[in-house]
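Let me put the structure up, and then I'll talk you through it.

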Amino acid sequence: MHIQTQVQLKPFNTLSLDAIASHYCKIQSTGDLVQALEFAEQQGLNILILSGGSNMLLPEQVHALVLHMDIQGIELLQADEQVQRLRVGSGQIWHDFVLWTTQQGFYGLQNLALIPGLVGASPVQNIGAYGVEVGEFIENVEVYDRETRQFCSISAADCDFAYRHSIFKDAPARYIITHVTFRLLKQPILKLNYGDLKTAVGNEQTPENLERQVIQIRQSKLPDPKEYPNVGSFFKNPVVDLHFFDQIAQQFPHLPHYPQPNNRVKMAAGWLIDQSGWKGKQLGPVGMFHKQALVLVNYANASLKDVRTTYQAVQADVAAKFGVKLEPEPVLFGEDGLIRSHQE
């Protein structure tokens with residue numbers, strides 16, 4: 001374990017925000033993690049967990065110990081005729097892992113191809129795309145519990161997975177994810193709930209083609225963070241009750257929507273943003289991408305203040321037009337390394 005000081009985090013966050021960490025450490029084992037936590041306690045430093053950096057908003061100065069998770073490895077566990085169990089290190093690149101599962105004949109994650117970030121971050125947001133959420137295929141999540149000061153395993157049933165939600169969001173300072181165990185299918189069951197995906201897959205309904213089409217669709221709509229720094233979808237798709245949706249739909253009958261359990265309806269945030277005039281629009285160095293209104297882009301060395309000014313303007317215009325308050329997906333951090341509310 002090696003603690004570095006005054007480390008630039010710009011290369012480690014996909015929105016490419018300048019952020020200097022007072023202390024930084026790459027974590028490649030559970031032993032590294034224990035030592036780093038001991039150091040932070042001795043120095044009176046808060047902890048900021050850095051995974052793939054694809055879902056975070058950082059200030060220019062971070063006075064904390066940044067733990068950059070880099071635990072590698074894919075371990076094949078007990079299998080049967082239907083299911084293969086895999087224990088995966090939190091530092092594995094998510095997209096590479098998805099590609100590997102397809103090559104090995106393990107199925108279920110193909111709809112989640114090309115999502116940026118690392119495996120360890122996938123349960124936190126319960127990442128999802130094209131009708132699939134990662135929580136459907138997680139068996140358990142191994143963590144270090146900072147409250148009990150011990151390593152433990154949390155079953156999927158106890159993770160409280162929901163749309164873009166888990167217990168790891170409820171208690172962000174408590175758990176540090178080290179490994180995730182997946183239960184993947186040996187026989188493919190394709191999910192083609194979304195029209196554009198079903199059309200793209202066509203008659204070649206194989207996991208390999210499904211994965212290819214997901215990648216092509218995402219590449220056609222979403223900018224490469226290396227060319228246009230971004231965090232992917234910036235806002236969550238709002239989920240509202242059916243009565244409220246029916247009122248909006250009377251005025252906007254073409255609003256894309258998806259029925260949810262308990263008389264709820266998910267609305268397409270990108271469409272709401274587009275209809276509010278923000279697709280391709282910029283405020284200074286920050287704007288919503290011209291091909292996909294849901295993606296906020298840092299066009300020219302933007303600061304966190306620039307980003308917040310833009311997304312708050314988007315929120316205000318969507319709320320004025322549709323009566324819906326969009327909720328940002330990325331996590332906002334303060335200078336002390338702790339998570340802040342977007343309302344502050």
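This is a predicted model: local features need pLDDT of at least 70, side-chain atom pairs count only at pLDDT 80 or more; totals for chains, interfaces and linings use all residues.

Now, overall shape. The C-alpha trace spans about 60 × 55 × 35 Å along its principal axes. For 344 residues, you'd expect a compact globule to have a radius of gyration near 20 Å, and the chain comes in at 20 Å, so that agrees. Of those 344 residues, 51% are buried. And if you take the contacts between residues at least 6 apart in sequence, 60% of them join residues at least 24 apart.

What about the surface? The chain exposes about 15700 Å², and 47% of that is supplied by carbon and sulfur atoms. As for charges, there are 28 positive side chains and 35 negative ones, and the centres of the two sets sit 5 Å apart.

Okay, let's zoom in on helix 6, residues 207–221. That's 15 residues, reaching 21 Å from the first C-alpha to the last, close to the 21 Å expected at 1.5 Å a residue. Which of its residues are buried? They are Pro207, Asn209, Leu210, Glu211, Gln213, Val214, Ile215, Ile217 and Arg218. A quick reminder here: an α-helix has 3.6 residues a turn, so residues three or four places apart point the same way. And what do the buried residues of helix 6 pack against? Helix 2 (94–104), strand 8 (128–129) and helix 5 (195–201).

Next stop, Ser153, in strand 11, which covers residues 150–155. Is Ser153 buried, exposed or partly exposed? Its relative accessible area is 49%, and the cut-off for exposed is over 50%, so Ser153 counts as partly exposed. Leaving aside neighbours within four places in sequence, Ser153 touches Asn140, Val141 and Glu142. Thr178 is 25 residues away from Ser153 along the chain, and their C-alpha atoms are 9.9 Å apart.

Asp160 has a phi of about 55°, and it's in the loop between strand 11 and helix 4 (167–170). Asn262 has a phi of about 60°, and you'll find it in the loop between strand 15 (257–260) and strand 16 (264–267). How accessible are they? Asp160 is partly exposed at 43% relative accessibility, while Asn262, at 72%, counts as exposed.

Notes:
Residues are numbered from 1 along each chain as its sequence is written. Side-chain values use heavy atoms; hydrogens and water are left out. The radius of gyration is taken over C-alpha atoms; the globule rule is 2.2 Å times the number of residues to the power 0.38. Buried means under 20% relative accessible area, exposed over 50%, partly exposed in between (1.4 Å probe, protein chains only). Contact means heavy atoms within 4.5 Å. Accessible areas come from the Shrake-Rupley method with a 1.4 Å probe; for residues, only the protein chains shown count as cover. Lys and Arg count as positive and Asp and Glu as negative; His and the chain ends are not counted. The place of a charge is taken as NZ of Lys, CZ of Arg, CG of Asp or CD of Glu. Helices (H or I, at least four residues) and strands (E, at least two) are DSSP runs, numbered from the N terminus. The expected span of a helix is 1.5 Å times one less than its number of residues.
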